[in-house]
Amino acid sequence: MQLVIVSDITRRKLDYINVTLILKMCGIFGYKGKKGALNTILTGLKRLEYRGYDSWGVSSLKKGKISVAKKVGAIGDIKVLEREDNAVIGIGHTRWATHGGVTKVNAHPHYASDKSFVLAQNGIVENYQNLKRRLAARGYKFISETDTEIIVRLIEDELKRSKGLQKAIIWAFKKLQGRNTIILLTKAGRIFAVRNGSPLVVGVGKDEIFIASDTLSFADKTDDVIFVDNLEMVVLDDEGVNIFRVSDGKRRKYKLQKLDHRDVSIDKAGFPHYMLKEIVEQKHTVREAVQYSIEELKGLMKSIKSAKNVYTVGSGTASFAAGQIAYFLRKYASIPAVELKAYEVDSYKQLFQKNDLIIAVSQSGETADTIEAIDAAKAREAKVASIVNMVGSSIPRMSDYPFFTRSGPEICVVSTKAFTSQVAWGLLLAFSVAGKHKFVKRSIEEFSKKLEKYFNEDLFKNIRKLAKELLRKEHIFVLGREQNYYMSLEGALKLKETAYKHAEGFASGELKHGVIALIEKRTPVFVIVSEDDVKDDLLSAAAEVKARGAWVIGISSKNNELFDNFIPTVDAGIADPIAKVITFQLLAYYLAVELGNTPDKPRNLAKSVTVK
Ligand code: G6P
């Protein structure tokens, strides 16, 4: 069996600027090989569920007929669908709704009218209203409310003129605006997939091939992968070797690349939720993130020292890690690094210069906003470094200096271990630049050992008890400063994400400039106190809010009379911000559990935001 990779370089380049502000994250998975296609697809989809989890569908070909099964809700057991899984080819999709509600009809894949193919999409057809109007005028009927069905009807329409499905797909694809990656299964036993924006990778195993949104989804099956670039088409053909380029008719040569998947297990390992498992895993993952030798860091360190400007970028939780990394570079290496929000790139992209360095921070390596910032930096010949968790994702491949957090798959939608690994790597970088490589490694090693003891039943009980006391509170404030400023932001974000509470993180210096007006009797205020130069400032802030009736909760390695409640943390030296943020991760987890929320899959969120 062979791969056909068709490239259409004439298609318009991605135009991020014109992309409307809509989110869409979905996962696609295709399989061609031995029997058991449905089970393989289902397993793959489960590993992609972080990309969307409101509904899902699978499709397979048997005896010349394409069957489709769709469900609303979490990805379930394939046995519900099929007793015998003899199919050798199929595709699947996990959805995060944008156009059209969460219904079985709107779930992908979508049938062609004559059932000659089915299609699923990861992306958004931004001009779907125009296209739909035109198709409707030509007599086409629509079964679902999705933008994806438009692509199906467009292809059908073109098939009336085009010679062959492949040409019709390309034609239709060219009509789409936005970032769309599509996958089709045909009655003739072929899979087509076309990429624009949203990721697409091919895994090549023994007698079987996978096409998916990420490498993790088939990491348990093969390490041999082919990365599909934007505006390329992959065809898995039943007849064997077929490799073409649409633009010039030539083959697109490719080499199999070996991926290093260290820990690809994605079970809960006895924990009730991935979130708790991943929080506890931090006792090891912080260490993994700092394994790089001075030799491996050399290129980046040189670039940092010679750069005109050093910027760090990220989105969401990763943007807080980016802020923390910039802080470490300023504080410990005297590098004037500045954090920029990836999604604000239009406001600063004209400032990038040739000798600048941007350090991109991302768990998934696929976040559209972060990629846009990288593109803007590269367009102005700045150098790019990245710290990413997902091996084989787009951001490392765009980077001059790619680094990996090596935290293993983070399945919980809410980021925990990836964040602290990014922060740990930031420490490694800053102290290495300052000539203290051995010191930072030793410090993180010691911290990791302390964490081993720290995670115990008493801690969990203590935090769960606090969570119960906070259940009915709607407004929560978190004060930090200096090394704990970004931790206050991240801590508050965790509470928002899983407990759906209004939580705000502030620099304690901000208090008197307005925030203090919000303090009422029994308003919960968390105060993050490290054994550092600003300890007294934090304690003063605690006293000020307490004087106004606040309920002061101290997050510190040492208790203090100002604290109404006290959650002890590890005294972690330079790694103290990590020690502190772990409290909020656990609190967010237990609040979610006590409130009956789903900590692994909070409402409205998706782990990987691959479209603007
Ligand atoms: C989404 C997720 C966040 C994550 C952010 C950036 O908003 O819900 O948890 O921090 O994307 O993702 P990245 O993969 O780039 O770290």
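This is a predicted model: local features need pLDDT of at least 70, side-chain atom pairs count only at pLDDT 80 or more; totals for chains, interfaces and linings use all residues.

**Ligand site**

- Thr367 places an N or O atom of its side chain 2.5 Å from an oxygen atom of the ligand.
- Ser364 also contributes through its side chain, with a polar atom 2.6 Å from an oxygen atom of the ligand.
- Gln363 takes part through its backbone, where a polar atom is 2.6 Å from an oxygen atom of the ligand.
- On its own the ligand has 390 Å² of accessible area, of which the protein covers 89%.

**Helix packing**

- Two packed helices are described by the distance between their axes and the angle between those axes.
- Helix H3, formed by residues 148-159, packs with helix H4, formed by residues 165-175, at an angle of about 130 degrees, and their axes are 8 Å apart.
- H3 is therefore oblique to H4, since the angle lies between the limits of 115 degrees for roughly perpendicular and 145 degrees for roughly antiparallel.
- The H3 and H4 pair has a right-handed crossing.
- Helix H12 (residues 437-454) packs with helix H16 (residues 576-595) at an angle of about 25 degrees, with 11 Å between their axes.
- H12 and H16 are therefore roughly parallel to each other, because angles under 35 degrees fall in that class.
- For H12 and H16, too, the crossing is right-handed.

**Backbone geometry in loops**

- The peptide bond that leads from His108 to Pro109 is cis, and its omega is near -5 degrees.
- Pro109 is located in the loop that joins strand S5 (89-95) and strand S6 (110-111).
- Leu231, a residue other than glycine, has a positive phi, near 65 degrees.
- The loop that holds Leu231 lies between strand S12 (224-227) and strand S13 (232-237).

Note on methods. Residues are numbered from 1 along each chain as its sequence is written. Side-chain values use heavy atoms; hydrogens and water are left out. A polar contact is a pair of N or O atoms within 3.5 Å; within protein, one must be able to donate a hydrogen and the other to accept it, and residues adjacent in sequence count only if both atoms are side-chain atoms. Accessible areas come from the Shrake-Rupley method with a 1.4 Å probe; for residues, only the protein chains shown count as cover. Axes are lines fitted to C-alpha atoms, for helices over the stretch in contact, and angles run from 0 to 180 degrees between N-to-C directions. Helices (H or I, at least four residues) and strands (E, at least two) are DSSP runs, numbered from the N terminus. Angles under 35 degrees count as roughly parallel, over 145 as roughly antiparallel, 65 to 115 as roughly perpendicular and the rest as oblique. A crossing is left-handed if the near helix is turned anticlockwise from the far one by less than a right angle, and right-handed if clockwise.
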